[in-house]
Amino acid sequence: MAEGEGLVSVDYEVSGRVQGVFFRKYTQGEAKRLGLVGWVQNTSHGTVQGQIQGPPARVRELQEWLRKVGSPQSRISQAEFSNEKKITALEHKDFQILK
């Protein structure tokens, strides 16, 4: 992690065909590949939501992935990001799939 770059935390919600297509598993894999922490879970209204934390450049990469790529079978119609803020320390140990 580059010194002076700081850390950010961002909440997200992805809509479209994102449940039953291994979206959470692929999101976790991509986040771990980028060295990010946070979580992902299905919602009762058919979307996937979660939180990403890490260096801003890496967080941007995952945001772009959530917006455009997703899992092979998914069809993303919209990705919304909210509550972006600078943080002084990571609040999660790794990237988890929540039930």
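Biologist: Are H1 and H2 roughly parallel or roughly antiparallel to each other?
Modeller: In this predicted model, local features need pLDDT of at least 70, side-chain atom pairs count only at pLDDT 80 or more, and totals for chains, interfaces and linings use all residues. Residues are numbered from 1 along each chain as its sequence is written, and side-chain values use heavy atoms, without hydrogens and water. Helix H1 (residues 23-33) packs on helix H2 (residues 56-68) at about 155 degrees, axes 10 Å apart; axes are lines fitted to C-alpha atoms over the stretch in contact, and angles run from 0 to 180 degrees between N-to-C directions. Angles under 35 degrees count as roughly parallel, over 145 as roughly antiparallel, 65 to 115 as roughly perpendicular and the rest as oblique, so H1 and H2 are roughly antiparallel.

Biologist: Which residue in S3 is the bridge partner of Tyr12?
Modeller: Strands are DSSP runs (E, at least two residues), helices H or I runs of at least four, numbered from the N terminus; strands pair given at least two bridges. Strand S1 joins S3 (residues 48-54) antiparallel, through 7 bridges. Tyr12 has as its partner Gly50.

Biologist: What stands opposite Val14 in S4?
Modeller: S1 (residues 7-17) and S4 (residues 75-87) run antiparallel, joined by 10 bridges. Opposite Val14 stands Ala79.
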